Number of protein chains: 2
Amino acid sequence: FDAEASAAVARALDGKVKPLRSLGDLEHLAARLAGIQGTAEPHVDAPALVVCAADHGVAADGVSAYPQEVTALMLQSFAEGTSAVGVLARQAGARLVVADLGVAEAPRLQPGQNQVLDRRVRAGTADSAAGPAMSLAEAQQAVAHGVALVDDLVDEGVDLVGLGEMGIGNTTTASALTAVLLDRDPARLVGPGTGVTGEAFARKLRKVDAILARHRDADDPWDVLARVGGLEIAALAGVVLGCAARRVPVVLDGFITTAAALVAWRLAPACTDVMVAGHLSPEPGHQVQLQALGLRPVLDLRMRLGEGSGAALAIPVLRSAVTVLHEMGSFADLGLDDERPTA
Amino acid sequence: FDAEASAAVARALDGKVKPLRSLGDLEHLAARLAGIQGTAEPHVDAPALVVCAADHGVAADGVSAYPQEVTALMLQSFAEGTSAVGVLARQAGARLVVADLGVAEAPRLQPGQNQVLDRRVRAGTADSAAGPAMSLAEAQQAVAHGVALVDDLVDEGVDLVGLGEMGIGNTTTASALTAVLLDRDPARLVGPGTGVTGEAFARKLRKVDAILARHRDADDPWDVLARVGGLEIAALAGVVLGCAARRVPVVLDGFITTAAALVAWRLAPACTDVMVAGHLSPEPGHQVQLQALGLRPVLDLRMRLGEGSGAALAIPVLRSAVTVLHEMGSFADLGLDDERPTA
């Protein structure tokens with residue numbers, strides 16, 4: 001994190017034709033992007049949304065409102081550009097990059113559709129309540145895919161990355177991961193996900209308890225990741241690590257992508273430096289995760305969809321933050337001196 | 001408000017490829033715009049930001065961190081396109097319309113600069129702590145300017161209006177207006193505005209008390225508006241009324257524009273139907289105003305600038321809400337039946 005570039009941006013914003021600090025979070029965000037990118041001229045010229053998808057062994061137990069087949073169907077809808085994140089990415093002027101890390105049934109795409117990158121490690125994880133979700137080698141491979149993906153994108157000019165995910169059952173996995181990594185009571189983390197209530201919700205809670213009974217003793221973050229899963233979360237942790245390595249801001253989405261951010265943070269604590277929280281999910285564990293990472297969300301629109309929808313919506317706000325810095329006039333331009341009251 | 005169009009949009013969104021209601025406020029906003037515009041195909045194709053400026057007699061007493069001359073200087077910066085709202089309006093693809101309702105010293109513009117519409121009613125209000133801010137006829141004229149302004153814009157195709165304002169001292173006026181209209185203790189409403197602290201803040205509070213001592217007995221909203229002011233607030237109340245008459249969504253900005261919305265609501269209660277709260281100001285009275293109007297803000301970015309900056313930043317979110325409605329695929333498209341779990 002380039003504290004000097006960040007401070008230079010804060011100073012430049014102090015000289016703009018407005019009361020000091022009156023643009024609030026917009027100013028913090030511009031200064032933060034400057035610190036991350038290591039330049040007093042931060043930019044959001046070529047953002048990309050990286051959506052990773054995979055299936056979860058835990059889904060077999062009815063922890064989700066949807067059957068596992070929906071993961072592959074949604075990949076289809078990502079390829080067609082008709083998913084929420086497809087629409088919102090277009091709207092935000094962001095490139096949409098979708099990677100299959102291990103959907104149970106590999107999607108069959110038609111010619112002319114958007115590409116789904118084949119980064120399949122295995123056809124979905126095993127049930128983590130019954131054993132490890134995957135092997136350590138598989139977890140490492142998924143993380144490596146995420147790192148490599150970012151590396152390629154940055155080489156192609158991408159200057160900001162938003163995270164997205166798809167995987168039926170992945171709020172169950174993310175709840176268990178968060179409980180282990182932050183040593184929290186799962187009852188305070190588990191929420192309705194895509195909409196489970198009543199008996200299905202009780203089943204989901206019991207499932208998380210069963211995962212924890214088996215893996216709570218895990219401490220090493222690689223070990224936690226391999227035993228609890230999932231494949232798309234591992235890849236997203238890799239995307240965060242890749243962003244940290246390349247000094248590219250990474251915009252978190254909801255509960256699942258922030259679980260991936262927790263994994264990345266435990267693997268390499270300094271990578272919180274490149275994180276921006278895009279939105280706040282109503283999933284109760286999300287607030288807990290963001291507090292652990294010291295992040296304040298840009299948006300709070302009570303969305304609980306995932307896919308990267310919250311990250312996509314935050315991009316125009318981030319772009320506005322840097323545009324204010326570049327295009328606003330200063331008091332000096334108006335012939336006023338620089339002596340203005342502080343707030 | 002067209003409840004049928006609104007319900008049709010909610011139903012259409014229920015059929016999209018996502019868990020029910022999982023896009024949260026984005027879905028509420030799309031349905032609300034539909035109800036306001038009276039169509040199941042709501043649109044944000046030609047938004048405009050209407051910024052009204054005027055001076056306030058109360059400013060002479062040092063209630064602001066800035067001298068009164070800054071109002072005219074800021075109009076200059078609006079004309080140059082280098083103000084925050086100028087930058088953010090461009091970014092949001094919104095037309096910026098600036099009107100002078102009574103800046104103390106009329107701005108001198110250079111050829112080639114953006115127009116500032118001359119809607120001057122008088123050269124700033126009188127000190128409302130010493131007497132009425134303006135006459136009833138003047139208040140009516142300012143409101144009429146606002147109504148006519150919207151009428152022209154809608155004739156030209158504008159389909160959504162954001163509110164903005166400029167006027168040194170206008171948080172003092174807005175605090176007094178809000179206290180009278182909602183019968184509240186001013187100590188709970190008055191905040192730092194553009195940044196007054198310490199003795200200046202105490203002076204501002206005393207000024208609001210003095211205004212209330214003289215005008216608290218006013219009950220008729222026209223009477224309150226004329227006696228407390230200000231000219232730009234009256235015009236903005238007219239803009240709200242004009243939007244209600246033309247069924248055009250009006251996006252409120254911060255504390256001052258919402259004071260104008262309170263005036264419009266007291267003049268014609270049904271006009272809350274067309275309001276959308278763009279952002280939440282840290283000014284303590286803003287939350288109180290929004291609660292009275294039954295509105296939840298789209299954004300909370302701790303901005304306290306005014307000008308329409310918060311309304312401008314909300315526009316991309318509103319545009320995303322209608323784009324999701326128009327561009328997302330449905331479960332039916334994927335060959336899935338319509339029986340999905342409710343959240």
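Quick housekeeping. This is a predicted model, so local features need pLDDT of at least 70 and side-chain atom pairs count only at pLDDT 80 or more, while totals for chains, interfaces and linings use all residues. Residues are numbered from 1 along each chain as its sequence is written, chains are lettered from A and ligands numbered from 1 in the order in which they are written, and side-chain values use heavy atoms, with hydrogens and water left out.

Okay, the two chains. How is chain B laid on chain A? You take a turn of 180° and a shift of 0.0 Å along the axis, and the RMSD comes out at 0.0 Å. That's the relation of a two-fold axis. The superposition is by least squares on the C-alpha atoms of residues with pLDDT of at least 70 in both copies. Which residue of chain B comes closest to that rotation axis? It's B:L299, with its C-alpha at 3.2 Å. And 100% of the interface residues of chain B are also interface residues in chain A, so the copies meet through the same surface.

Now the helix pair. When I say helix or strand, I mean DSSP runs numbered from the N terminus: H or I with at least four residues for helices, E with at least two for strands. Two packed helices are described by the angle between their axes and the distance between the axes. In chain B, helix 6, residues 170-182, and helix 8, residues 221-228, have axes that come within 10 Å and cross at roughly 155°. Those axes are lines fitted to C-alpha atoms, for helices over the stretch in contact, and the angles run from 0 to 180 degrees between N-to-C directions. Helix 6 and helix 8 of chain B are therefore roughly antiparallel to each other; the cut-offs are under 35 degrees for roughly parallel, over 145 for roughly antiparallel, 65 to 115 for roughly perpendicular, and oblique for the rest.

So who is touching whom? Helix 6 of chain B brings B:T173, B:A176, B:L177, B:V180 and B:L181, and helix 8 of chain B brings B:V224, B:L225 and B:V228. Contact here means heavy atoms within 4.5 Å. By class, that contact of helix 6 with helix 8 in chain B has 7 nonpolar residues, 1 polar and no charged ones. For the record, Ala, Val, Leu, Ile, Met, Phe, Trp, Tyr, Cys and Pro count as nonpolar, Asp, Glu, Lys and Arg as charged, and the others, Gly among them, as polar.

Let's hop over to helix 8 of chain A, residues 221-228. How many of its 8 residues are buried? The count is 6, so to speak mostly covered. Buried means under 20% relative accessible area, exposed means over 50%, and partly exposed is in between, with a 1.4 Å probe and protein chains only. The buried ones are A:P221, A:V224, A:L225, A:A226, A:R227 and A:V228. Their cover includes helix 5 (136-155), helix 6 (170-182), helix 7 (198-215), helix 9 (231-246) and helix 10 (255-267) of chain A.

A few individual side chains next. B:M74 sits in helix 3 of chain B, residues 69-80, and is buried at 4% relative accessible area. Beyond its neighbours within four places in sequence, B:M74 is in contact with A:V17, B:S83, B:M166 and B:E307.

Then helix 11, residues 284-293. In chain B, helix 11 holds B:Q289, buried at 0% relative accessibility. Not counting residues up to four places away in sequence, B:Q289 touches B:T178, B:L182, B:G254, B:F255, B:T258, B:A259 and B:L262. In chain A, helix 11 holds A:H286, also buried, with a relative accessible area of 0%. Setting aside neighbours within four places, the contacts of A:H286 include A:D253, A:H279 and A:S281.

Last, the backbone. A cis peptide bond joins A:G229 and A:G230, with omega about -5°, and A:G230 is in the loop between helix 8 and helix 9 of chain A. In chain B, a cis peptide bond joins B:G229 and B:G230, with omega again about -5°.

What about A:R21? Its phi is near 60°, a positive value in a residue other than glycine, and A:R21 is partly exposed at 49%.
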